[in-house]
Structure formats: structure tokens, C-alpha cells
Amino acid sequence: IELAVSQGQAEDFIWKIQGDILFEMDDYGKARASYEKALEMNSNGTDTWAGLALTYYKLNNTSKALESINKALEIDPNNEVALHYKEIILNQTSFS
């Protein structure tokens, strides 16, 4: 990943993909950091905001999860993945 970034390839996309991979490996702390790095470069990444939201959800930080998923939906109110993640997060908060 660092090599791709140093060669000037789509940096935000690369950090987002790294976040996805780390999330799948259950390394939520590092996934969060990767998603945040991607968002520093492109704050309009709906899928990145959604990934960050689900990561915060897995880290039991519901308020940050909702904040992130709402940001994704501000950018794209019809994004089906973001809408689904919001439903998951809201269902969890109703049982807390």
C-alpha cells in the first residue's frame, strides 16, 4: 500500500481498501485509522464513511458509528449499503 501511495496512485482509494482488508481481519483499530486517512484525502467517500461507521460499531462506539453513517447519507442519501448499516447500528442502540 505504501508503495502504491508513493507512486501517486489514488491514495484515498488505497487507504479505503486497506481499511476494508483490516476490517475483514477483525483489526478494527487499524481499519479505523485507514478509513480516517482515506477521508483526510477525500471527505466525500460515501463507502469510506460507511466502512468507518461499521468499524466504530464493531468497536462499540455507537455515537461515532451514527455520526459516520449519517455523514455517508448526507453525501448520498440513497446509498443502499449506508442505509443498511444505519439500520444495523440503530437496531443495536435499541437493545442497549
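The model is predicted, so local features were taken up only at pLDDT of at least 70 and side-chain atom pairs only at pLDDT 80 or more, while totals for chains, interfaces and linings use all residues. Residues are numbered from 1 along each chain as its sequence is written, and side-chain values use heavy atoms, with hydrogens and water left out.

Helices here are DSSP runs of H or I with at least four residues, numbered from the N terminus. Helix 3 takes in residues 28-41, 14 residues in total, and spans 20 Å from first C-alpha to last, close to the expected 20 Å at 1.5 Å a residue (the expected span being 1.5 Å times one less than the number of residues). Tyr28, Ala31, Ser34, Tyr35, Ala38 and Leu39 are its buried residues. Buried stands for under 20% relative accessible area, exposed for over 50%, and partly exposed for anything in between, using a 1.4 Å probe and protein chains only. In general, an α-helix has 3.6 residues a turn, so residues three or four places apart point the same way. The buried residues of helix 3 pack against helix 2 and helix 4 (46-58), with contact meaning heavy atoms within 4.5 Å. On the face turned away from that buried side sit the exposed Lys30 and Glu40.

Leaving aside residues up to four places away in sequence, Tyr28 touches Phe23, Thr55, Lys58 and Leu59. Tyr57 is 29 residues from Tyr28 in sequence, yet their C-alpha atoms are 9.6 Å apart in space.

Two loop residues other than glycine have a positive phi. Asp26, in the loop between helix 2 and helix 3, has a phi near 65° and is exposed at 52% relative accessibility. Asn60, in the loop between helix 4 and helix 5 (62-75), has a phi near 60° and is exposed too, with a relative accessible area of 70%.

Finally, helix 2 (residues 11-24) holds Ile21, which is partly exposed at 44% relative accessible area.
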